Amino acid sequence: MSLELRSLTATLADNSPLFSPVDLAVAKGEVACVMGPSGVGKSTLLNIIGGHLDVHFGIAGDVVLNGKSVKYLTAAQRKIGVLFQDPLLFPHLSVGDNLAFGLCSSVVGAKKRRLAIDQALAQAQLKGFYHRNPATLSGGQQSRAALMRALLARPQALLLDEPFSKLDENLKHAMRDFLFDQARQRLIPIILVTHDPKDMTDANGPVALLQAL
Amino acid sequence: MLAILVIGILVPVIAGLGETTRAAFGILPALGKHDFNLSAWQQLFQLPGFTTSLRLTLISGFLATGTSLILTIFGCAWAYNASDKCYFFDKLKPFIAPLLVPILAAPHAAIAIGLAFLLAPSGWLTRLFSPWLTTWQLPPNLTTVQDLWGLSLTLGLIIKELPFLWLISLVALKQIDLSKQLSIAQSMGYSYANAWFKIIIPQLYPLIRLPVLVVLVYALSTVDMALILGPNTPPTLALATMRWYNDANIGMLLPASAAAMGLGLLMIASVFVWETTMTLIMLVTKVMTRTGARGRHWKLVSTALATALQLTLTLGFLSLVVLLIWSFAWRWSFPDALPTSWSYQHWLRLLTHWPLALQHSIALALGSSTIAVVFAVAWLEVQDRFGGHLSRLTLWLIYLPLLVPQIAFLYGLKVGFLRIGINGGMNAVIWAHLLFVFPYVMLSLIDSWRALDRRYLQVAASLGTSAWGCFWRIKLSLLLKPLLLAWAIGIAVSIGQYLPTLMIGAGKIETLTTEAVSLASGADRRLVGVYGLLQALVPVLAYTLAIYLPRLISLKQTIK
């Protein structure tokens with residue numbers, strides 16, 4: 001049970017590939033790193049996996065999640081979470097409501113849902129932050145809230161596009177540990193796009209190097 | 001600067017409202033009435049058709065604004081949907097912008113006249129389908145335009161306001177990290193539509209609230225569109241007020257003033273109802289967000305909305321096309337689909353005689369929009385140099401003339417002008433136009449002015465350029481495009497003004513719009529076509545200049 005990329009690349013209108021096809025297998029709870037020079041298409045690769053690719057691109061190869069191809073599913077059907085460089089907590093919702101947005105709908109009933117969110121807040125050291133406006137949180141707190149929001153949706157895999165790169169070194173390190181910890185606990189395969197070699201050594205998982213063509 | 005704003009905008013509006021209010025309560029010295037009383041209101045409520053007028057106003061106003069907003073938001077969602085190929089008209093996306101611009105540029109009256117030419121029993125639509133489909137040899141005996149429920153008026157308003165709101169929204173959406181937020185929501189299993197509802201709309205609406213309210217106020221108080229598309233017996237409240245003001249019996253001035261003031265109060269109540277409704281909708285959305293329901297893809301609804309959107313835009317575009325056809329028609333009898341003989345006589349006459357209406361329109365447009373741009377630039381530059389920023393209150397003040405029904409203060413303003421000896425000259429009309437031109441100019445300019453990278457100025461200053469040098473050589477050069485665009489918007493707004501021209505000009509200053517509206521009820525569609533189209537052509541020309549002039553200049557510089 002895992003996330004597999006099989007000779008995956010984006011193609012342009014003339015069918016030429018954007019970058020060298022990627023092969024990668026990420027087991028549950030494992031963190032894989034995707035590295036490569038700026039502008040080579042790392043974000044595009046995540047867009048393909050998550051199903052967010054612009055219609056103007058084509059896709060070659062396949063994305064296999066838990067043994068099934070998700071290539072033709074919509075982003076909403078894939079259950080593959082994403083985290084970007086910025087936490088992007090929705091500014092019109094409180095921190096708690098942001099988490100409620102993530103929390104999957106199979107948790108029914110206001111009380112049960114509130115309980116689940118409070119637990120998640122506590123895990124992220126954000127106890128009592130339910131009604132706070134996201135803008136009043138520090139960078140690290142926002143990142144943790146965003147991560148909890150993504151996890152509460154119970155994703156089958158998680159994609160991270162240079163997460164935490166705007167945080168300072170110490171915070172970044174703590175965030176990374178927190179993330180890797182959560183992934184292992186929840187047995188979620190993770191793909192991490194990064195520029196930082198230290199991420200790669202810490203992740204201690206498979207690595208894909210993206211090359212331009 | 002604030003002082004000029006207060007004197008230039010606030011005082012006229014307040015003074016106008018004041019005069020209207022005085023008259024509404026029986027005080028009109030010109031008629032020898034000096035006593036406070038409520039008889040004008042009693043008279044108003046007893047006027048035939050008052051309640052029907054009220055109902056018509058509310059139906060057309062709310063229906064038009066609501067539908068425009070829904071279609072606008074759907075249009076935005078559709079325009080940004082990068083991962084969905086299922087809509088049948090997806091290939092039409094590139095054609096939307098060219099469809100929007102002429103409708104946006106054309107004055108309300110032009111669209112209204114065109115739509116009337118399209119939908120009337122003898123209009124182009126019936127001609128296109130007769131007699132081969134309908135078997136009609138004569139125009140059918142149906143009421144389409146000026147229907148009793150004001151539906152054609154509502155349709156006209158939607159056609160005209162949709163492109164405006166759409167453009168405003170597309171600009172506003174640039175402030176929201178749209179694609180990433182949608183990706184996040186979709187990656188959690190939310191459908192595209194559901195993500196828009198719960199995430200994007202609550203962020204978008206506060207950004208476009210002011211323009212939406214402007215649309216609501218306009219829709220509730222339009223006179224020129226109601227004159228052409230609305231029902232007559234009785235008409236909408238604004239048009240009825242206008243008629244009472246113009247009644248041969250000057251005793252009607254008092255109930256007319258009461259109606260004008262009533263329209264103002266109605267506007268406040270409507271804005272309150274609208275905003276309360278929106279707040280409730282947002283609240284319900286928030287509660288629904290907490291349940292975590294992911295929503296479905298509402299194929300039927302989105303297909304219906306897509307069709308409505310396409311239809312609205314197409315009707316708007318056809319309205320302008322039918323004006324063009326009529327303006328070149330010579331003989332076009334029912335049920336021919338196209339004129340049987342053509343002529344450019346009307347255009348030739350127009351170009352050789354250069355009628356007063358055209359001269360006035362151009363003079364008013366150039367005058368008011370140039371003053372508005374100069375004033376807006378002066379304001380922003382003063383703020384840059386001496387600090388300060390536009391507070392929310394100032395923004396609302398600038399918008400004020402657009403948030404008050406024109407008819408509620410224009411008559412009062414006219415009386416006020418008369419009292420201080422300004423009698424309906426071009427200058428007074430330019431001032432009246434400025435009240436409506438300035439807000440649009442300022443609001444179109446302000447974002448680009450603020451977005452200008454200040455480091456260019458710092459670089460220039462560090463190279464020894466003076467403050468004036470920075471202003472002329474850096475700011476104005478870099479902002480040439482938005483400046484010209486603001487100027488073109490000003491021209492479009494000025495050309496479209498009907499009521500201010502008519503009332504402040506005391507009916508003596510004819511423009512393309514006043515002529516087009518007064519001719520619209522007449523028989524000669526060819527002449528109306530010419531005037532209607534010309535009304536639209538001047539703003540389109542201004543927009544074209546605004547878009548291509550900077551390109552031409554930069555091209556010249558490259559060649560050098």
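The axes of helix 18 (residues 426–451) and helix 21 (residues 480–496) of chain B come within 9 Å and cross at roughly 155° in this predicted model. The two helices of chain B are therefore roughly antiparallel (angles over 145 degrees). Helix 18 of chain B passes helix 21 of chain B in a right-handed crossing. Contact means heavy atoms within 4.5 Å. Helix 18 of chain B contributes residues including His433(B), Phe436(B), Tyr440(B) and Ser448(B). From helix 21 of chain B come, among them, Pro482(B), Ile489(B), Gly490(B) and Val493(B). By class, this helix contact has 10 nonpolar, five polar and no charged residues.

Chain B and chain A also meet. Their contact takes 27 residues from chain B and 28 residues from chain A. About 2400 Å² is buried between the chains, with 65% given by carbon and sulfur atoms. Buried area is the accessible area (1.4 Å probe) lost by two parts on being put together, summed over both. The count between the chains is one salt bridge (a side-chain nitrogen of Lys or Arg within 4 Å of a carboxyl oxygen of Asp or Glu). The side chains of Asp97(A) and Arg290(B) meet in a salt bridge at 2.6 Å, N to O.

Most peptide bonds are trans. Thr233(B) and Pro234(B) are joined by a cis bond, with omega about -10°. The bond from Phe334(B) to Pro335(B) is cis, with omega near 0°.

Residues are numbered from 1 along each chain, and chains are lettered from A in the order written. Local features need pLDDT of at least 70, side-chain atom pairs count only at pLDDT 80 or more, totals for chains, interfaces and linings use all residues, and side-chain values use heavy atoms, without hydrogens and water.

Notes
Axes fitted to C-alpha atoms, helices over the stretch in contact; angles between N-to-C directions. Helix = DSSP H or I, 4+ residues; strand = E, 2+ residues; numbered from the N terminus. Parallel < 35°, antiparallel > 145°, perpendicular 65-115°, else oblique. Left-handed = near helix turned anticlockwise from the far one by under 90°. Nonpolar A, V, L, I, M, F, W, Y, C, P; charged D, E, K, R; others polar.
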